[in-house]
Amino acid sequence: MGLLNGKKGIIFGVANERSIAWAIAEALYKEGAELAFTYAGEILEKRVRPLAEGIGSKIIERCDVTRDEEIETLFNKVRDTFGTLDVLVHSIAFANKDELQGEYLNTSREGFRIAMDISAYSLVAVTRYATPLMAGQGGSIITLTYYGAEKVVSNYNVMGVAKAALEASVRYLAADLGPKGIRVNAISPGPIKTLAAAGISGFRDMLHHAAEKAPLKRNILAEEVGKTALYLCSDLASGVTGEVIYVDGGYNIMGM
Ligand code: NAD
């Protein structure tokens, strides 16, 4: 019997088979979860649809998280098809490429707004729609953050500030939703080569540095994030909420 037999989940943030969201989806699916998927636009649909269909997904919907009407349409479909929801995975971030290089000082007002809206506020928006579908039986909501929320990481810039807002949102949402039995947590992985990561200037150096400094002396795999997500979504983590869990080979514990 799988850890998530009979559970229904929705995965935001698959762009392709390298996406962290896809590794999480595979881990949850293997343990019995039935999953819905979203994609951000037509170009990504071509990648996401075959992956989702390959694991029998009945809901594969467009959802640009900057558009409230698309979020509402999506959750109406989830309610009509699933009835209830147990798991939500938010694996979404975006900042304009020119904000992810040089000095944070030069962040534009519009660049700041976009990064905050897509990378932080969207968690609040989708959680609000998921809450009524989870409230009866409880649920688990997961988002993805990064060490740059806490410490200065060169070129991560406005995304670090957005991740700080995201981590604070995890705590506020966990406090709001705890009485309904809904848990909200973040996973903070070390660097992994994905589409979003390719937008960060000097990302290859980040990979080398992380592998050198981390106690495990290597970069982590998306599958390892998937396993932690599985833990957080399952009953094994029934007492865990409002946390940021590092999956970074121990990188974050190191000082000099
Ligand atoms: P990815 O490019 O595969 O995933 C990012 C996703 O965000 C894409 O699916 C993209 O379509 C989606 N997205 C962007 N704008 C959107 C919008 N307006 N509406 C809906 N979706 C939108 O890259 P990834 O590395 O798997 O990123 C997933 C999450 O993991 C992000 O939050 C990222 O910050 C976080 N993360 C990544 C790393 C890493 O090194 N790759 C490390 C720590 C945290």
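The largest cavity is lined by Gly190, Pro191, Ala210, Ala214, Arg218, Asn219, Ile220, Asp248 and Tyr251, a cavity being a set of points on a 1 Å grid over the protein atoms alone where a 1.4 Å probe fits but cannot get out, with lining residues having an atom within 4 Å of a point. By class, this lining comprises 5 nonpolar, 2 polar and 2 charged residues, and about 50 Å³ of space lies within the largest cavity. The structure holds 1 cavity of 30 Å³ or more.

The model is predicted, with local features requiring pLDDT of at least 70 and side-chain atom pairs pLDDT 80 or more, whereas totals for chains, interfaces and linings use all residues. Residues are numbered from 1 along each chain as its sequence is written, and side-chain values use heavy atoms, with hydrogens and water left out.

The space taken by the ligand is the largest pocket, a pocket being an open set of grid points with protein on both sides within 12 Å along at least five of seven lines. The shell around the ligand divides into 20 nonpolar, 6 polar and 2 charged residues; of these 28 residues, Gly13, Ser19, Lys163, Ile192 and Thr194 come nearest.

Oxygen atoms of the ligand lie 2.9 Å from a backbone N or O atom of isoleucine 20, 2.8 Å from a side-chain N or O atom of lysine 163 and 2.5 Å from a polar side-chain atom of threonine 194. Taken alone, the ligand exposes 810 Å², of which the protein buries 92%, areas coming from the Shrake-Rupley method with a 1.4 Å probe.

Methods
A residue is near a molecule or strand if one of its heavy atoms lies within 4 Å of it. A polar contact is a pair of N or O atoms within 3.5 Å; within protein, one must be able to donate a hydrogen and the other to accept it, and residues adjacent in sequence count only if both atoms are side-chain atoms. A molecule sits in a cavity or pocket if more than half of its atoms lie within 2 Å of its grid points. Ala, Val, Leu, Ile, Met, Phe, Trp, Tyr, Cys and Pro count as nonpolar, Asp, Glu, Lys and Arg as charged, and the others, Gly among them, as polar. Grid points are joined across faces, edges and corners, and a volume is the space filled by probe spheres set on the points.
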